[in-house]
Amino acid sequence: MVLTIAAIVFLLLLSAFFSGSETALTASSRPLMHQLEQQGNPRARLVNHLYEKKERLIGSILLGNNLVNILASALATNALITIFGAAGVVYATLAMTLLVLIFAEVLPKTYAFRHANHVALSIAPSVNFLVIAVTPLTIMLNAIIHATLHLFGADHRGSGGLGENAEELRGAIALHGMETDEEEEIAVVRHERNMLRSVLDLAEVQVGEITIHRKDVVAIDADLSPGAILSQVLDSPYTRIPLWKNDTDNIVGVLHAKDLLRAVRAATGEAPGRQKAIDELDIMAIASKPWFVPEHTLLLDQLQAFRERREHFALVVDEYGSLLGIVTLEDILEEIVGDISDEHDVHIFGVTPQTDGAYIIRGTATIRDLNRQLDWRLPDEDAATIAGLVLHEARRIPEEGQVFQFHGFRFEILRLQRHQIVSLRVTPPNSGDAEEL
């Protein structure tokens, strides 16, 4: 009887080891294990190796776990039948259920889940030895399982793939910092989440969604005198300025302020102010050729193109070849890290919060910026700007003072200029005005 009880205790300890190992190896952080392996940690390398062979790992652990559980139950049943007769089956079932549930399942799995990385590194060599020892048996079991699944028309290979991994990563980003309570930390975590989401969005967002519209682009008439062009360049806050001829949509070059100033210095020598020398400059020879890109180019592709061409400025055209606006390397980087401002930048985000929870928003503010800055969820598939969204949903040109409600938001048109929505008042769903509607 003593040997039987000792054997049952030992088998329960083995069962706890198998249960905790399964939880620890599947719940451990793969990025951390990868980093530790890169630093030369042999146990982390074993954990990664076991995870790569997950099907064989799970099969080996389940094989060992079921084997010791069944054997422990059989020994307990035999011992209790000897003592209590036929009623021993009932007693053994109740006793082993409680013992296995508490000490061989819940307790080790709870501990392993809370200390997954530490436990995984600790038990990796032992589990690896087990997997190697029972490999022939697990191969045979897996073959039987695959054949059974194939018999019923199920695909044992699964789908997996990049799409599911990307969605899993998005879910992990959404959960990042959910336990944070302090206001300052919430703001920091929100900014981090926005950056991580934006990196994933680079392969989905098109250049046309972040294009600076042509009416907001500063451009210079190439037919002006070099002196007049120089004055406009110096008055502009931008370093790269498109040049046009005959029509503002006919861009013939892009003038870089540094190239122009170098040419002025070369023409005037050590005596700046020689107007005649400046007026003899060939502006078109100084300017670079314009680079046109289609509006449907993905941001990731455009970012790579900027790097390959070593350029920071491109002109965006639609499917008919008409100029839509410009896109710069800074615009793409701002999609990731947020607004990048210097002492010469003009702040044009155009959002003014109101005391009642509403916002006065410039019509050309992009939906992506609003969603990122205000943590909204307005759709940006059919329109790039907030004014475009109102036009898309209203299906007509609105009038000043007109109010719309869609996607849970309240939109009040404040100012129109011709047929363009210049400014509007937006009330999000969680404010009093929106709830009253």
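Guide: A helix here is a DSSP run of H or I at least four residues long, numbered from the N terminus. The model is predicted.

Visitor: In which helix does D301 lie, and is D301 buried, partly exposed or exposed?

Guide: D301 belongs to helix 14. The relative accessibility of D301 is 45%. Buried requires under 20% and exposed over 50%, so D301 counts as partly exposed.

Visitor: What distance separates the C-alpha atoms of D301 and L202?

Guide: Along the chain, D301 and L202 are 99 residues apart.

Visitor: Which residue forms a salt bridge with R410?

Guide: R410 has a relative accessibility of 16% and therefore counts as buried. The closest N and O atoms of its salt bridge are 3.5 Å apart. The partner of R410 is E412.

Visitor: What is the N to O distance between D216 and K215, and how accessible are the two residues?

Guide: The side chains of D216 and K215 form a salt bridge with an N to O distance of 3.4 Å. D216 has 36% relative accessibility, and K215 has 48%. Values between 20% and 50% fall in the middle class, so D216 and K215 each count as partly exposed.

Visitor: How many residues apart are D356 and R425 in their salt bridge?

Guide: D356 and R425 meet through their side chains at 2.2 Å, N to O. The pair links distant parts of the chain, with D356 in the loop between strand 8 and strand 9 and R425 in strand 12.

Visitor: Which residues are linked in a network of salt bridges?

Guide: Salt bridges can share residues, and one such network is present here. Its members are D201, E335, R368 and D380.

Visitor: How many aromatic pairs are there, and what is the geometry of Y359 and W376?

Guide: The count of aromatic pairs is seven. The rings of Y359 and W376 lie 5.5 Å apart, centre to centre, with 75° between the planes. Planes over 60 degrees apart fall in one named class, so the geometry of Y359 and W376 is edge-to-face.

Visitor: Where is W376, and is W376 buried or exposed?

Guide: The pair links distant parts of the chain, 17 residues apart, with Y359 in strand 9. W376 is in the loop between helix 16 and helix 17. With 8% relative accessibility, W376 counts as buried.

Visitor: What is the geometry of the pair F406 and F411?

Guide: The ring centres of F406 and F411 are 4.4 Å apart and their planes are at 15°. F406 is buried at 12% relative accessible area, and F411 is buried at 0%. An angle under 30 degrees sets the class, so the pair of F406 and F411 is stacked.

Visitor: Which residues form one aromatic cluster?

Guide: Y359 and W376 are members, and so are both residues of the stacked pair, F406 and F411. The complete cluster is Y359, W376, F406, F409 and F411.

Visitor: Over the ring of which residue does the charged end of R309 sit?

Guide: The charged end of R309 lies 4.0 Å from the centre of a ring. That ring belongs to W291.

Visitor: What is the phi of R310, and what is the phi of R395?

Guide: Most residues other than glycine have a negative phi. R310, in the loop between helix 14 and strand 6, is exposed at 78% relative accessibility. R395, in the loop between helix 17 and strand 10, is exposed at 64%. Phi is positive in both residues, about 55° for R310 and near 65° for R395.

Visitor: What is the orientation of helix 3 to helix 6, and what is the handedness of their crossing?

Guide: The axes of helix 3 and helix 6 come within 8 Å and cross at roughly 55°. That angle makes helix 3 oblique to helix 6. The crossing of helix 3 and helix 6 is left-handed.

Conventions. Residues are numbered from 1 along each chain as its sequence is written. This is a predicted model: local features need pLDDT of at least 70, side-chain atom pairs count only at pLDDT 80 or more; totals for chains, interfaces and linings use all residues. Side-chain values use heavy atoms; hydrogens and water are left out. A salt bridge is a side-chain nitrogen of Lys or Arg within 4 Å of a carboxyl oxygen of Asp or Glu. Buried means under 20% relative accessible area, exposed over 50%, partly exposed in between (1.4 Å probe, protein chains only). Helices (H or I, at least four residues) and strands (E, at least two) are DSSP runs, numbered from the N terminus. Rings of Phe, Tyr and Trp (its six-membered ring) pair if their centres lie within 6.5 Å; planes under 30 degrees apart count as stacked, over 60 as edge-to-face and the rest as tilted. A charge sits over a ring if NZ of Lys or CZ of Arg is within 6 Å of the ring centre and within 35 degrees of the ring normal. Axes are lines fitted to C-alpha atoms, for helices over the stretch in contact, and angles run from 0 to 180 degrees between N-to-C directions. Angles under 35 degrees count as roughly parallel, over 145 as roughly antiparallel, 65 to 115 as roughly perpendicular and the rest as oblique. A crossing is left-handed if the near helix is turned anticlockwise from the far one by less than a right angle, and right-handed if clockwise.
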